[in-house]
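Please read them alongside the sequence and the coordinates.

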Amino acid sequence: MIYSGFVLRSRGVPLDRQTLTTVPGLSLEKAIAGTRWDRYRFGSLRPLRDEAQLETDGHHTYPLLARLSSDGGRLVVLGPDFNIVRSVIEGELRPFFRPRVARESIAVHRLVQHIIDEPGPFAISFVHARTAAFGESLKSVSFYGNDVSHANFFRANLELFACFAVGLRDSSHHAEILRLRQDGRISFIGTEKLRDVDRVLHFLHDRGFYE
Amino acid sequence: MTSHIAEILLVLDRVPQGRRIRFVDGIDQAVSAWTQATRVSPVFAPHSSVDHSYTLSLEGPHHLTFVGPYPPEDLIALWGSRADIWLSLGVFNNLVRTADDAVAAEVVEWAKEHGLLFERWTTQSGIIEHIEQAAPRATASGWRRVIATTSRRRIRRGLAPLLNEYAALLSSGVARAEQTVPTMVDDLLAADPLVRSVIAHDPELTVEEQSHEIYDLLVTLNAALSRLTSQTFSGASPITETECHFWTHSLLGTGIANIGLWKLCARLQFVLGRERIPERLSALANYEGEIKLENLDDNDPFWNLDRIGEVELTPPDTKEVMVPLVPYFSGRDGFKTTLHTISAPLVAIEACNSKQWTLETLTHELSHIVIRGALGEIYPTTMQDIESAYATMRVEPRNLLESIRRYLLMTICFMEQDRENLERVFDTPDYLQQMLVDWHAEVEEILTHVFDFQYFYGANARRYVEGIWTSWSVIPNIGMRVPEYVVRTLCAVLSNHLEYADEMEERARKDVERYLRRLNKGKRAGRYVNDALSYLSGSKWEAVYKQLVARRGLVRIAKAFLFSEKCSARIRAEYQVSSGNPEHEGYNLARGDFTRLRIDNPIRFVGSYTSGTAASHEASLWMLYVLAFGDHRKADRER
């Protein structure tokens with residue numbers, strides 16, 4: 001399953017797991033061992049993914065993954081579809097979430113530049129960027145590879161691009177860990193690499209890539 | 001998310017019981033009870049960002065808490081479900097109305113915690129019973145000494161009143177900015193070194209020349225500073241005592257619009273200045289060798305090399321005096337630049353969402369500043385320059401800069417020949433001097449149009465043609481100038497077709513005609529467009545075509561030696577995008593949504609969200625909020 005969602009930041013008062021479990025419709029299923037991730041289920045009276053209303057009792061349930069940072073200042077919420085998470089955060093549970101959290105932005109271009117300047121634990125598997133150099137002739141570009149930032153062409157021309165989405169993988173193997181967007185969207189496949197995802201999230205926090 | 005922002009007027013009156021505040025639904029209701037003390041300002045309910053309907057009644061006890069300047073996101077999130085949050089264009093841009101004492105106390109505490117300015121008015125059936133204000137901020141004192149020193153400089157007696165006015169104006173502006181918009185202080189103080197340098201004795205100028213220079217600077221600067229400070233800081237604390245003279249905003253002022261304009265101009269000035277395009281052009285003297293540009297084929301690869309982008313500049317001199325550019329709104333000046341001031345029309349405050357009054361027009365004004373700098377490198381102005389240029393025409397150029405100068409002179413000769421129907425020109429330095437004086441303004445305009453088109457419109461002919469002709473449509477009495485505007489528009493678009501040899505003018509004509517017709521179909525541009533279209537066919541086109549051919553060289557110079565893909569990438573870079581979608585250039589901002597206002601590049605934002613010709617106060621308010629708060633990193637917050 002592809003999990004997609006947002007990185008959110010607290011508006012001041014740190015969040016905790018107990019507060020999350022009091023949110024109507026949200027129920028904690030289990031903590032995922034060895035990580036900061038929890039599995040939740042969210043029950044909604046309306047479909048959130050444009051799916052047909054098949055459930056006879058009118059209930060729709062969706063699995064969610066959530067991760068609270070150790071200081072309660074940041075919350076990552078993911079689901080099987082980006083729109084589901086958006087509906088939960090900005091629709092169904094807006095009275096709970098809006099006063100408490102705001103969408104986080106991720107400095108994707110700066111992150112890419114950093115990986116070029118200081119190669120470290122993560123390599124770039126893809127980049128989407130816009131370019132303002134060529135007017136109407138060329139407006140966006142994408143790069144794919146096992147180590148995009150290692151390509152001289154990419155490094156030499158980075159100043160022509162404004163990167164807004166990036167895929168990261170571990171420098172020592174090829175499988176992609178996750179994908180990030182400037183507007184705080186995050187996605188990855190399955191739950192097998194949650195520890196790697198944690199490493200990336202720590203990296204973003206420690207190196208100041210949240211804006 | 002759909003945009004729905006309801007506009008209401010907030011009215012402050014004096015009645016026998018004291019000061020009265022009320023909401024009314026339209027200026028007519030305010031006017032029908034107007035007194036000598038009445039003040040009004042529009043306030044807006046951001047309905048798309050809140051969940052409940054608002055009440056206009058202030059019957060019984062209420063608290064009206066003004067907070068700002070601050071992006072409304074946090075206030076909407078924290079109290080949007082428990083109070084009415086109104087947005088204004090004043091520096092107190094958030095108004096929280098509640099009858100709940102606890103909510104009002106929370107808002108005040110929160111404002112204090114965040115170091116924000118606030119005023120809480122406690123009212124009983126609209127009568128203001130008590131006003132609580134934020135404590136004044138601590139201020140620096142150094143600037144007072146600096147301005148006082150400037151004001152004591154010896155100056156011709158007749159100019160002293162201007163210098164006194166300047167000192168008082170700047171002091172007022174800085175003192176108020178310290179309290180309200182501290183990040184504006186340094187930009188205001190940048191005027192002082194300039195004034196000192198101009199009034200210092202200059203041995204190269206006669207007394208009269210220097211007097212004229214001082215007079216010109218002080219009159220222009222004083223007018224701009226006066227408007228900027230009165231517009232931005234009216235409506236600041238104490239609100240009841242700081243009336244704005246833009247009368248439909250007399251209660252709260254237009255501070256947010258001024259902050260938005262200021263940030264937009266500052267950003268443009270910064271990104272253009274950072275590229276140091278005149279210096280790059282000057283550095284082309286390092287490309288040695290005999291290059292006769294006039295002999296190159298239209299599609300010679302040389303024209304497409306990013307010469308100025310490849311220039312490696314030495315680090316800038318950090319001691320160099322920062323050039324001030326004072327931005328303000330003016331009903332009379334409209335869009336206008338001088339060396340140190342820039343203005344936008346007052347009507348843009350309520351209509352900048354539309355193509356007629358878009359702030360994108362400022363790019364043209366700022367492009368002029370760069371082009372003037374570039375012309376300083378290649379356009380002969382002094383007699384010594386002209387004699388040297390005269391010689392240049394008769395010897396082989398030694399480097400690329402000399403080649404460009406020579407090519408520019410030859411182009412001006414072609415233009416002169418075309419206009420005067422001459423066989424040849426350029427017989428004497430005197431003739432050359434007169435010709436250069438005559439053509440300077442036109443050369444500057446053509447280069448500016450191409451520069452603006454390539455850098456700021458991304459060479460998008462449709463957006464450019466529709467944009468500039470729609471903005472011209474609202475200027476009265478320019479019918480006589482339509483032919484020259486047609487030529488300038490064609491020159492800008494010609495820069496997209498330079499490799500097409502003999503077809504280039506026809507291709508430019510077709511583009512311009514297509515987009516003017518499109519504009520005409522939508523009835524957006526008025527009679528000037530009809531008139532312009534008549535110059536694109538028949539005998540009128542033949543005359544325009546000849547002018548266009550004569551100006552090819554200017555277009556080439558602008559495209560090949562003033563435009564750089566690398567510089568463009570930096571000038572137009574926007575990192576706050578999240579998709580490659582063409583709509584809104586990848587931004588994910590929703591019009592009317594005040595909860596996410598983040599941008600990095602205000603001019604890209606303005607270009608992406610200006611649409612249509614229907615002026616909307618609400619849509620303009622949202623755009624001005626994004627401009628004022630878009631870079632709302634903590635360091636940029638006005639606290």
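1. Helices (H or I, at least four residues) and strands (E, at least two) are DSSP runs, numbered from the N terminus. Eight of the eight residues of helix 23 (residues 602–609) of chain B are buried, so this helix is largely enclosed by the rest of the structure.

2. This is a predicted model, in which local features need pLDDT of at least 70 and side-chain atom pairs count only at pLDDT 80 or more, while totals for chains, interfaces and linings use all residues. Residues are numbered from 1 along each chain as its sequence is written, chains are lettered from A and ligands numbered from 1 in the order in which they are written, and side-chain values use heavy atoms, with hydrogens and water left out.

3. The surroundings of helix 23 of chain B involve both chains. Its buried residues pack against strand 7 (122–131) of chain A, and also against helix 9, helix 13 (362–378), helix 16, helix 17 and helix 24 (617–629) of chain B. Among the buried residues of helix 23 are Arg604(B), Phe605(B) and Tyr609(B).

4. Turning to the interface, 34 residues of chain B are in contact (heavy atoms within 4.5 Å) with 27 residues of chain A. The two chains bury about 2,600 Å² between them, 44% of it on carbon and sulfur atoms. Buried area is the accessible area (1.4 Å probe) that two parts lose on being put together, summed over both.

5. What links the chains through charged and polar groups? The rule finds six salt bridges across the interface of chain B and chain A, a salt bridge being a side-chain nitrogen of Lys or Arg within 4 Å of a carboxyl oxygen of Asp or Glu. Arg11(A) and Asp74(B) meet in a salt bridge through their side chains, at 2.8 Å from N to O.

6. On the side of chain B that touches chain A, helix 2 (73–79) and helix 22 (565–571) of chain B each supply at least two residues. By class, that side has 10 nonpolar, 12 polar and 12 charged residues. Here Ala, Val, Leu, Ile, Met, Phe, Trp, Tyr, Cys and Pro count as nonpolar, Asp, Glu, Lys and Arg as charged, and the others, Gly among them, as polar.

7. How many disulfides does the whole structure hold? A search over all chains finds zero, where a disulfide is a pair of cysteine sulfur atoms within 2.5 Å. For Cys265(B), the closest cysteine sulfur, in Cys352(B), is 12 Å away, too far for a bond. Cys265(B) is buried, at 1% relative accessible area. Cys491(B) is in no disulfide either, the nearest cysteine sulfur being that of Cys413(B) at 17 Å; Cys491(B) is buried too, at 0%.

8. Two cis peptide bonds deserve a look. One joins Gly68(B) and Pro69(B), with omega about -10°, and Pro69(B) is found in the loop between strand 4 (61–68) and helix 2 of chain B. Another joins Ser237(B) and Pro238(B), with omega about -5°; Pro238(B) is found in the loop between helix 8 (207–233) and helix 9 (255–275) of chain B.

9. Arg276(B), not a glycine, has phi near 50° and is placed in the loop between helix 9 and helix 10 (277–282) of chain B. Its relative accessibility is 14%, so Arg276(B) counts as buried. Ala459(B) has a positive phi of about 60°, in the loop between helix 16 (429–456) and helix 17 (461–472) of chain B, and is buried at 13%.

10. Gly145(A) is found in the loop between strand 8 (140–144) and helix 5 (152–157) of chain A, and is partly exposed at 33% relative accessibility. Leaving aside neighbours within four places in sequence, Gly145(A) is in contact with Ile124(A) and Ser125(A).

Methods
Buried < 20%, exposed > 50% of the residue type's maximum accessible area, 1.4 Å probe, protein only.
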